[in-house]
Amino acid sequence: MKDYGLDLHCQMILEDYRSNLESYELLQGVVKDLLGDALKKNSMAITALESRIKTEDSLAGKLELKGAKYMTVDDITDIVGARVITFYTDDVDKIAAIAENLFEIDWENSVDKRKMHEVDSFGYNSLHYVCRIPEKTYSDPEHPELNTIRFEVQMRTTLQHMWANMNHDTGYKSNVEIPSEYMRTLNRLAGMLELADDEFSRIRTSINDYRRKVSELVSSGRFEDVNLNGDTWRNYLSLRPFDKLTKRIAAINQAEIQHATAMPYLEIFRNLFEYKTLGDVENCLKEYGEDAYQLAIHQIGGTDIDIITDTVALQDLCIVVILENGGGEAGLMKMFETLGGKTEYNRQRSRRIIDQASRLAFMNKKK
Amino acid sequence: MEVTIKQDGNKQDVVLNGRIDTTNADQFQRDIECLMEGDKPEICIDCSGMEYTSSQGLRMFLMLQKSVMARGGSLVLKGMQSQVKEVFDITGFSSIINIQ
């Protein structure tokens with residue numbers, strides 16, 4: 001056994017710690033599992049869930065500094081610890097609510113460091129709960145001590161975590177006193193990270209508000225007011241705007257329809273056609289839908305094909321837009337390249353389609 | 001229709017020759033049944049000798065693709081002749097199956 005030069009009282013506490021180690025190991029596993037399951041159940045996205053048992057060296061250091069404060073090893077509440085690191089500040093409070101549901105909180109010894117700063121000071125921001133596992137949450141008849149040993153759950157954001165680690169690494173618990181200018185710089189950083197944390201939360205709230213607004217606009221059919229982007233395109237597709245044309249095409253050969261993702265077509269509309277709003281896509285469907293159907297009849301009408309995917313309508317629509325607007329072979333090649341990458345075959349395919357389309361009315365009508 | 005399968009661990013190299021049509025689609029399904037087993041399969045099908053596929057053939061490829069995806073694997077069709085590739089294109093199957 002390592003001799004830390006502790007007084008008799010602290011040595012006894014250290015002895016108790018050693019004999020309790022197996023229970024600490026068990027408790028650490030149970031706490032981590034309980035938290036992990038609850039986070040999953042609540043669909044909480046987090047950066048990390050960590051747990052640890054205080055090392056003997058660390059405990060000895062603590063006892064050396066403030067051993068007289070503790071009557072027994074059970075008074076040291078952070079021997080077993082878990083830490084939940086979140087993306088957003090708002091999530092710290094949600095995790096806290098989850099911990100409150102799972103565990104019995106020792107409020108007297110729990111600390112919200114976020115509320116401890118004066119208006120003009122910045123530094124460690126974290127929420128620490130001292131907890132016990134109540135029997136209603138978990139019990140093991142062979143290890144009743146798992147319901148009595150207290151442990152600590154720390155909850156903080158990724159940026160708070162980063163600052164805490166840097167601060168720990170540079171000064172806290174070290175024997176060398178850090179010059180005040182460095183401490184000041186660290187505290188300035190804490191202030192900056194607190195601002196950044198608030199901004200990240202604000203951005204998330206704004207994005208969620210924007211998504212809700214877009215969803216409402218799309219549902220209301222005011223497509224001309226909705227910018228074309230990944231979110232709005234996904235929302236629009238959920239209304240199944242190309243279903244009618246797809247079903248018409250399928251009816252040519254009484255084909256069954258299989259689902260395929262239409263997300264790649266966003267790039268065609270946005271970058272190739274330079275459409276700005278969902279209204280532009282709607283207008284395109286109205287203007288070119290019939291010609292796309294004519295192309296489909298020509299392509300599959302004379303075959304025995306009785307299975308298609310639900311992107312055929314979109315594919316034919318885009319082909320028709322390109323051809324009717326003079327995009328020709330280069331335009332089609334660009335489209336196929338966007339959808340499936342650059343291949344030699346794209347040229348052959350483009351030429352074949354141009355040849356097929358040249359016999360159709362829409363390619364021969366006078367503008 | 002002739003199907004040759006060479007297996008090395010989870011890698012399966014398949015060579016298809018001939019036509020897949022209503023007369024041999026059932027046989028084709030039986031031939032490729034062994035590709036529907038195992039974790040994370042990496043299936044590469046050489047289609048250069050495939051002269052034609054009917055809708056039944058497309059269904060088999062789709063079934064294989066779904067099975068492979070469900071098992072966390074990959075399916076690639078290679079060397080397809082242009083008249084066969086056209087069938088995949090006009091039906092939209094080129095966008096759900098990796099064709100190289």
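Predicted model: local features only at pLDDT ≥ 70, side-chain atom pairs only at ≥ 80, totals over all residues.
**Entry 1: chain B**

I started with chain B, where residues 24 or more positions apart make up 74% of the contacts with a separation of 6 or more; two residues are in contact if their C-beta atoms, placed from the backbone, lie within 7 Å. For my bookkeeping, residues are numbered from 1 along each chain as its sequence is written, while chains are lettered from A and ligands numbered from 1 in the order in which they are written.

I counted 3 helices and 5 strands in chain B; helices (H or I, at least four residues) and strands (E, at least two) are DSSP runs, numbered from the N terminus. Along the sequence I read the pattern β-β-α-β-α-β-α-β. Of the 100 residues of chain B, 37% count as buried. Here buried means 20 or more other C-beta atoms within 10 Å of the residue's own, exposed means 12 or fewer, and partly exposed lies in between, with C-beta atoms placed from the backbone.

Next I checked confidence. Chain B has a mean pLDDT of 91, with 100% of its residues at 70 or more; pLDDT is the predictor's confidence in each residue, from 0 to 100. The lowest mean in chain B, 88, belongs to helix 1 (residues 25-32), and the highest, 94, to strand 3 (residues 42-53). I also noted ipTM 0.89 and pTM 0.62 for the model.

**Entry 2: where the chains meet**

I looked up the contact and found 19 residues from chain A and 17 residues from chain B. On the chain A side, helix 12 gives the largest share, 4 residues. That side divides into 8 nonpolar, 7 polar and 4 charged residues. In this count Ala, Val, Leu, Ile, Met, Phe, Trp, Tyr, Cys and Pro are nonpolar, Asp, Glu, Lys and Arg are charged, and the others, Gly among them, are polar.

**Entry 3: strand 5 of chain A**

Strand 5 (residues 127-132) of chain A has Leu127(A), Tyr129(A) and Cys131(A) on its covered face, and His128(A), Val130(A) and Arg132(A) on the uncovered one. I remind myself that in a regular strand the side chains alternate between the two faces of the sheet.

I then looked for its partners; strands pair if DSSP finds at least two bridges between them. Strand 6 (residues 151-157) of chain A is antiparallel to strand 5 over 5 bridges, and Tyr129(A) has Val153(A) as its bridge partner there. Strand 3 (residues 104-105) of chain A also runs antiparallel to strand 5, with 2 bridges, and Glu104(A) stands opposite Arg132(A).

**Entry 4: helix 3 of chain A**

The 14 residues of helix 3 (residues 89-102) of chain A should span 20 Å at 1.5 Å a residue, and I was pleased that the 21 Å between its end C-alpha atoms agrees. The expected span is 1.5 Å times one less than the number of residues. Its buried residues include Val92(A), Ile95(A) and Leu102(A). Seen down the axis of helix 3 of chain A, the buried residues fall within an arc of 145°, so they line one face of the helix; the arc is that of the directions from the helix axis to the C-beta atoms. Ala97(A) and Asn101(A) are exposed on the other side. Among the elements covering the buried residues of helix 3 of chain A are strand 5 and strand 6 of chain A.
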